[in-house]
Amino acid sequence: MKQKVVGAVLITVLFILGGCGKGSNSKIPVSGKSTDMIEAPLINTEGTEIGEVTLTEGKNGVTIRVAAEGLPPGEHGFHIHEKGECIPPKFESAGGHFNPTHKEHGFDNPKGFHLGDLPNIEVAEDGTVDAIVSTANVTLQQGEENSIFDEDGSSLMIHAKADDYKTDPAGNSGDRIACAVIAE
Ligand SMILES: [Cu+2]
Ligand SMILES: [Zn+2]
């Protein structure tokens, strides 16, 4: 298991995010397969750890924080991919975008969007990023159709270029440059 289940700080984090909806009935998972919080290392195309992603589920969906360094400055596509495997340098092992509803890519695509589609993230001039994006389209709870804990797991991916939010299948966002396994 690469992702760590951090039960002790769960209540604190939910409180900070204001998403206390699940606070009363959330349980620390016995199986480790379904949870309210995930932390996972982010690796680059050389397999070097460059940061970390944190996913927290509250009543308005899942909040994803990505904190990393050593990335090219500018806007980058950011998605949940369909398989929980990050094999550098190309990360093709992660498959396409998480898409259990069989749509096309992009928020601006009339035939869209993938449930794994997310807003672009901005890397600063010094190559660091500390971004928070939210999505109501996925869940960390196992057994749901939109759960990232499906049979083959899921990963988070940063791309070389910005996502145009409309070009199928990946928003013309270019190479995959960093990957984190968020469910195995
Ligand atoms: Cu992607
Ligand atoms: Zn997509």
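**View 1. Glutamine 142, at 42% relative accessibility, counts as partly exposed.** Here buried stands for under 20% relative accessible area, exposed for over 50%, and partly exposed for what lies in between, with a 1.4 Å probe and protein chains only. Glutamine 142 belongs to the loop between E7 and E8, where helices (H or I, at least four residues) and strands (E, at least two) are DSSP runs numbered from the N terminus. Although glutamine 142 and threonine 35 are separated by 107 residues in sequence, their C-alpha atoms lie 8.2 Å apart in space. The model in this and the following views is predicted, so that local features need pLDDT of at least 70 and side-chain atom pairs count only at pLDDT 80 or more, whereas totals for chains, interfaces and linings use all residues. Residues are numbered from 1 along each chain as its sequence is written, chains are lettered from A and ligands numbered from 1 in the order in which they are written, and side-chain values use heavy atoms, with hydrogens and water left out.

**View 2. The protein chain as a whole consists of one helix and nine strands.** Read from the N terminus, its elements follow the order α-β-β-β-β-β-β-β-β-β. Of the 184 residues in the protein chain, 49% are buried. Among the contacts in the chain with a separation of 6 or more, 65% come from residues 24 or more positions apart, a contact being heavy atoms within 4.5 Å. The chain exposes about 8,900 Å², of which carbon and sulfur atoms supply 51%; accessible areas come from the Shrake-Rupley method with a 1.4 Å probe, and for residues only the protein chains shown count as cover.

**View 3. The copper ion (ligand 1) has His79, His81 and His159 as its protein donors.** The donor atoms are ND1 of His79, NE2 of His81 and NE2 of His159, and they lie 1.9 to 2.0 Å from the ion. Donors are N, O and S atoms within 2.8 Å of the metal (3.2 Å for Na, K and Ca), and since water is not among the atoms, sites may look incomplete. The spacing of the copper donor residues along the sequence is H-x1-H-x77-H, and histidine 79 and histidine 81 are both buried.

**View 4. The zinc ion (ligand 2) sits in a tetrahedral site, with angles of 102 to 121° among its four donor atoms.** Four donors count as tetrahedral if all angles lie between 85 and 135 degrees. The zinc donors are ND1 of His97, His105 and His114 together with OD of Asp117, lying 2.0 Å from the ion, and in sequence these residues follow the spacing H-x7-H-x8-H-x2-D. Histidine 105 and aspartate 117 both lie in the loop between strand E5 (78-81) and strand E6 (121-123), so the pair ties together parts that are 12 residues apart in sequence. Both histidine 105 and aspartate 117 are buried.

**View 5. Phe107, Phe113 and Tyr165 form one aromatic cluster.** The whole structure holds two aromatic pairs, where rings of Phe, Tyr and Trp (its six-membered ring) pair if their centres lie within 6.5 Å, and planes under 30 degrees apart count as stacked, over 60 as edge-to-face and the rest as tilted. The ring centres of phenylalanine 107 and phenylalanine 113 are 5.1 Å apart with their planes at 55°, so this pair is tilted. The rings of phenylalanine 107 and tyrosine 165, whose centres are 5.8 Å apart and whose planes stand at 55°, likewise form a tilted pair. This second pair links distant parts of the chain, since phenylalanine 107 is in the loop between E5 and E6 and tyrosine 165, 58 residues apart from it, in the loop between strand E8 (154-159) and strand E9 (176-183). Phenylalanine 107 is partly exposed at 33% relative accessible area, phenylalanine 113 at 26% and tyrosine 165 at 23%.

**View 6. The side chains of strand E7 (residues 129-135) alternate between two faces.** Strand E3 (residues 61-68) pairs with E7 in the antiparallel sense over seven bridges, pairing being assigned if DSSP finds at least two bridges between two strands. Alanine 68 has valine 129 of E7 as its bridge partner.

**View 7. Strand E9 is largely enclosed by the rest of the structure, because seven of its eight residues are buried.** Strand E1 (residues 37-44) pairs with E9 in the antiparallel sense over two bridges, and isoleucine 43 has cysteine 179 in E9 as its bridge partner. E8 and E9 also run antiparallel, joined by six bridges, with serine 154 opposite alanine 183 in E9.

Conventions: Tetrahedral: all angles 85-135°; square planar, octahedral: opposite > 155°, others 65-115°.
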